[in-house]
Amino acid sequence: MILIFVSCSDKQDKETEIVSETKHPNLILTNKSVAEIKLQLGTIPVFDETLKLAKEAVDLEIEKGIDVPIPKDMAGGYTHTQHKLNYATMQKAGVLFQLLGDEKYAIYIRDMLLTYAKMFPTLPLHPQTRSYSRGKLFWQCLNDSNWLVFTSQAYDCIYSWLPKEQSDYLNKTLFRPYADFLSIETPQFFNRVHNHSTWGNVAVGMIGLVMDDEELVNRALYGLKKENLDLKAKDNDGGFIFDKDGKAGFLANLDSPFSPDGFYTEGPYYQRYAMYPFLIFAEALQNKKPELKIFEYKNGVLIKAVDALLNLTDDNGEFFPLNDGQKGMSHYTSSLVSAVDIAFYYGSQNPELLSIAQKQNEVQLDASGLMVAIGLKENKEKPFIKKSMELTDGSKGDEGGIGILRYQKEDEKLALVLKYTGQGLSHGHYDKLSFSFYENGDEVLQDYGLARFVNVEQKNGGGYLKENKTFAKQSIAHNTIVQNETSHFNYDFGTGSAHHSEKYIFDASNPNFQIVSAKEANAYPGTEIHRTMIMVVDESLEKPFVIDINKIQSNKNNNYDLPYYYFGQIISTNFDYNTPKTLSILGKKNGYNHIWNEGSGIANQESIQFTWLDNRRFYTITSATDKKDEIIFARIGANDPEFNLRKDPSIIIRKKGVKNTVYASIIESHGTYDPVKEVANNAYSNFSKIEILKDDANYTAIKIQFKEGKEKILILSNIDNSIDKKHSVSINSKDYTFTGSYYYN
């Protein structure tokens, strides 16, 4: 029999049939790959070192003895941590048994599994009741799925070694019931388009492949039927449990969240988390049934996704914290070790991936890791060059995207990230047209990320903090326009999920003038926000500068806020302000209730400047203002009795009672401070002011005045982004003609 590959759009009752190889392992390790690896052991430094560390870790756990506690704790607690350690140790032990041939590793896995098999039938749902999908060993089914994905690999490695009566017992008592629990008994967890469900699908699919259980494999690929299920149910994060198009299963999770460019709509933090199950199951399917050509599915989206994910990092390899994202998570995480190796092996053997693997300094202990280790031994690596790029969002690539502008010259590296995506499922934030800015891997103007201490038990059991909803997801927590102190889409998930921002321009073809521009017409009914950001290299300046234009058109008068979240210490301003003796909060709700007003003033001029020092570098924002605009010095941390939020500062430019308006700013890095020599170099801005010359429905024009005396004019076409369109604009009795969507000279 053969496995028949069926498109996700076909009826779910179409099934696949599988037949195993005659001998295990045949998922991640295979008999062939084990033989090849054994021939190379002792001659491949990175692989050998990874294997050595795995052996040391497993030997230590074997010496301690088996510990399978009754589940009771949240993430970070003893029982949670122990069961997590158990599945990781079993997976490594399986590899060690196959590669080293020492039966003590097989015995350890067998005894551990028999202990779990004895306990599992007696387990009720986990005693912690916080999750919408409580697990058995863990507080949520997601972690139970982690357990089964890793344990399936260990089981595969000893399956042929076990007496048939023992494998039959484990199949019947532990593994099939566990797979049914994670799917049939918890459909609200299993049948979603979400990273949680991807883990669930893969858990069921992996153990199905080990046991040659056709029903489980089909269930994993296509999901469950939705009979007698609440299609409007939501999870703990307020996200819909069932996909709007009725899709479910592993293939649906490949189809819907990934764009054709490989961008994952939940954001890079959860893309990183989901890549392990996506790729490890794909590898298992490829090894067991290569005729599926799973790595060619959706035009090779899995391989593209690894490249996209690596490009969604700063200069230090840390992921941009878009949507719910923990800062500091990077390509050094174990899931990216697997992702890089598998993408290299099953992709085009891109030597740039080897340079990432070289930094990671470890490999996956299988055929993919072997190939990477040999490539590194033979010095085939090339630098992974992160270029300016646009990554589209949406399953068809038509739901906005992420624009990344980069500059690199010698030791100076800048990156600007503009977000104009869809909602991002339940981990999405209400931050249309928000941006972040980096210099040499350091955040200059930040995206807050998530409010959570992952696996820190003292902080809400390691789960999401309430401030994730009351602040981190709110619009005011981001560098974007906020209208009338209300978050985008009025913080309504259903409304936000129905809309996405629209790309207007992305052009990085000229390294001296890179531009990204997008529009948002649904965040506030009756209001359109059009943001354009440009990275400009000027021969008279040491570093590029950024132009930030926010054009707002509305059908009524509103109050608008534009925050810039910076780090460091204020150095100077060119406007007067007052600081109160007693702090007050900025507002009553929508995240404003978590912000202190530390000082404020009135612009009283047509261009303001704000300079600060961070990481021994000077930065200045120069903004065009109306004289009556209010400038607010703000800081996160109000109404935070448990100190769950970081006390980060921002400067907010507030415009009151206006219908149509423009925010125009220059953002620049322009100097350094040496604390040893006690010398400040180029501590003052390179610009004297920025001025709005013209703004109507068709065109917005600004003038940038350099301190040295020269001027530059920028004109944006607001409604026609055609590269061939010819324009003629009169500004202050002077005519400007240009072709395309912008003019700069």
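**Terms and values in a predicted model**

Author: Leu425 is found in the loop between β3 and β4 (434-439). Strands (E, at least two residues) and helices (H or I, at least four) are DSSP runs, numbered from the N terminus. The model is predicted, so local features need pLDDT of at least 70 and side-chain atom pairs count only at pLDDT 80 or more, while totals for chains, interfaces and linings use all residues. Residues are numbered from 1 along each chain as its sequence is written, and side-chain values use heavy atoms, with hydrogens and water left out.

Reader: What is the phi of Leu425, which is not a glycine?

Author: Leu425 has a positive phi of about 55°. Most residues other than glycine have a negative phi.

Reader: Why is Leu425 called partly exposed?

Author: Buried means under 20% relative accessible area, exposed over 50%, and partly exposed in between (1.4 Å probe, protein chains only). Leu425 has a relative accessible area of 25%, so it is partly exposed.

Reader: What makes Glu410 exposed?

Author: Its relative accessible area is 71%, and therefore Glu410 counts as exposed. Glu410 sits in the loop between β2 (401-409) and β3 (412-420). Its phi, near 55°, is also positive.

Reader: How do you know that the peptide bond from His24 to Pro25 is cis?

Author: Its omega is near 0°. Most peptide bonds are trans. Pro25 belongs to the segment before α1 (31-40).

Reader: Why is α8 called roughly parallel to α11?

Author: Axes are lines fitted to C-alpha atoms, for helices over the stretch in contact, and angles run from 0 to 180 degrees between N-to-C directions. Angles under 35 degrees count as roughly parallel, over 145 as roughly antiparallel, 65 to 115 as roughly perpendicular and the rest as oblique. Helix α8 (residues 195-211) and helix α11 (residues 268-288) pack at about 25°, with axes 10 Å apart. That angle makes α8 roughly parallel to α11.

Reader: Which residues make the contact of α8 with α11?

Author: Contact means heavy atoms within 4.5 Å. Among the residues involved are Trp199, Val202 and Leu209 of α8 and Tyr273, Phe281 and Lys288 of α11. By class, this contact has 14 nonpolar, 3 polar and 1 charged residues. Ala, Val, Leu, Ile, Met, Phe, Trp, Tyr, Cys and Pro count as nonpolar, Asp, Glu, Lys and Arg as charged, and the others, Gly among them, as polar.

Reader: In which hand does α3 pass α4?

Author: A crossing is left-handed if the near helix is turned anticlockwise from the far one by less than a right angle, and right-handed if clockwise. α3 passes α4 in a left-handed crossing. The axes of α3 (residues 78-100) and α4 (residues 103-119) come within 8 Å and cross at roughly 145°.

Reader: What makes strand β10 mostly covered?

Author: In β10 (residues 545-554), 9 of the 10 residues are buried.
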